[in-house]
Amino acid sequence: MKNFLDTPLFGILLSIAAFEVGISINKKTKLAVCNAFLISILLIIGCLTWFHISLQSFNIGGDMISFLLGPATVILAVPIYKQIALLKANLLPVFVGITTGCVTAITSIIGLSKLFKLQGTICASLVPKSVTTPIGIEVSKEIGGIPAITVAAIIITGVVGAVFAPIVCKVFHIKNKVAVGIAIGASSHAIGTTKALDLGETEGAMSGLTIGIAGLITVFLAPILTKWLG
Amino acid sequence: MKLLRQMGIVLGICLLGGFLQRVLKLPIPGNVLGMLILLGGLCSGLIKLEMIAEVSDFLLDHLAFFFIPAGVGIIACLGLLRGKWLAVLGVCFITTVLIMAVTGHAIQWMQRSRKR
């Protein structure tokens, strides 16, 4: 009976429908916690479990969507290129700041995972959680993590960053606009950047520029640091 | 034909990235290598932004959509994560605040010492 679902159409249509609902809920509530992606994931998982549909059936179409992650990663060069003048003007703070952020991210994630007794695979899945999802997935595969856990951690991190960025900047006296932008971009990627854009034009532009570069630096640092500390 | 040609360019770069990664045995994922190739192409003027503009807008505007299946895959990991959710949330929360504070301070400190 369920064989009629074994077509790519099922996974693709369910994803589009869930994403549509997620976006409209996000627009209506305007809350960072009501993240469109998070809502769509929960809707799809709910639907699959409720109707006892296997992940395999969903993935016939799902894999076709995932295929586009490749070109989507490559295209991240475009936003960096569009901000290249800003990058050149702030070369030193951008590179030193983002490298500091990436090293802090990787070491603190490994340290805390050990403290909380999370085993190797979960720890490796969390390591790239502060970078943009397409790059995070690639890094996760590279260092022996599970991409699905990485994706969940990345979204949670982004929501935390977007919600708490103004408070964190206030409590820790981060006032410089360039510093605020890079700090948000390096800790909570694109979801955090939506908040940075609210804070101001410079903050938003710096945060946006940081997303791709933090991803690149993490690609280089994550395998080395996890080997040393793991 | 325009969109197809633009997609062709981007997919070609993906293929080139994957190819270089395998041949040179680099520890960098092929798609990230592709991103560097595209950035180099754009900066050198070899690739013009107009040559990929529409496909680029399509991919960037719907970025979150493309990792929905990867996210749904979490249902296969629920057993592994049983009893670990609080720890995972804790790591996500604490490190995000820490990274933000450390990065912000590093830049402010650098800007101040440069002015002197």
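Guide: Happy to. A word before we start: this is a predicted model. Between domain 1 of chain A and domain 2 of chain A, the salt bridge count is zero.

Five residues of domain 1 of chain A and six residues of domain 2 of chain A take part in the contact. Together the two domains bury about 430 Å², and carbon and sulfur atoms carry 89% of that area. On the domain 1 side, A:Ala32, A:Asn35 and A:Phe37 lose the most area to domain 2 of chain A, and together they make up 71% of what that side buries.

A:Asp63 counts as partly exposed because its relative accessibility is 49%. From A:Asp63 to A:Ala77 is 14 residues in sequence, and their C-alpha atoms are 24 Å apart in space.

Now to the place you asked about, where chain B meets chain A. The size of an interface is often given as the accessible area lost when the parts come together. Here, chain B and chain A bury about 7000 Å² between them, with carbon and sulfur atoms giving 85% of it. Chain B brings 66 residues to the contact and chain A brings 86 residues. Salt bridges between chain B and chain A number zero, while seven residue pairs, both members at pLDDT 80 or more, are in polar contact across the interface.

Which parts of chain B touch chain A? At least two residues each come from helix H1 (2-24), helix H2 (30-44), helix H3 (53-61), helix H4 (63-66), helix H5 (68-72), helix H6 (78-81) and helix H7 (85-115) of chain B. The largest share of that side, 25 residues, belongs to H7(B).

B:Thr96 is buried because its relative accessible area is 1%, and the cut-off for buried is under 20%. Apart from neighbours within four places in sequence, B:Thr96 is in contact with A:Lys129, A:Thr157, A:Val160, A:Gly161, A:Ser187 and A:Ser188.

Next, move to helix H5 of chain B, where B:Ile68 is found. With a relative accessibility of 0%, B:Ile68 counts as buried. Neighbours within four places aside, B:Ile68 is in contact with A:Ser15, A:Phe19, A:Phe37, A:Ser40, A:Ile41 and A:Ile44. There is A:Phe37 again, a residue that also loses area between the two domains of its own chain. Between the C-alpha atoms of B:Ile68 and B:Val97 there are 26 Å, and the two residues are 29 places apart along the chain.

Residues up to four places away in sequence aside, B:Val72 touches A:Ile41, A:Ile44, A:Ile45, A:Leu48, A:Leu55 and A:Phe58. B:Val72, A:Leu48 and B:Leu38 touch the most other members of the largest nonpolar core, a set of 109 residues. Helix H10 (residues 147-171) of chain A gives this core its largest share, 13 residues.

Finally, step back to chain B itself, which is divided into domain 1 (1-61) and domain 2 (71-116). The C-alpha centres of these two domains of chain B lie 30 Å apart. Side chains of opposite charge can pair when their charged atoms come close. Over all chains, the count comes to one salt bridge. B:Lys2 and B:Glu54 form a salt bridge through their side chains, at 3.5 Å from N to O. This pair links distant parts of the chain, since B:Lys2 is in helix H1 of chain B and B:Glu54 is in helix H3 of chain B, 52 residues apart. B:Glu54 counts as partly exposed, at 35% relative accessibility.

Notes. Residues numbered from 1 in each chain as written. Chains lettered and ligands numbered in written order. Predicted model: local features only at pLDDT ≥ 70, side-chain atom pairs only at ≥ 80, totals over all residues. Heavy atoms only, no water. Core = buried A, V, L, I, M, F, W, Y, C linked by side-chain atoms within 4.5 Å. Buried < 20%, exposed > 50% of the residue type's maximum accessible area, 1.4 Å probe, protein only. Helix = DSSP H or I, 4+ residues; strand = E, 2+ residues; numbered from the N terminus. Contact = heavy atoms within 4.5 Å. Domains from an automatic or database assignment. Buried area = accessible area lost by both parts, 1.4 Å probe. Salt bridge = Lys/Arg side-chain N within 4 Å of Asp/Glu carboxyl O. Polar contact = N/O pair within 3.5 Å; in protein donor to acceptor, adjacent residues only side chain to side chain.
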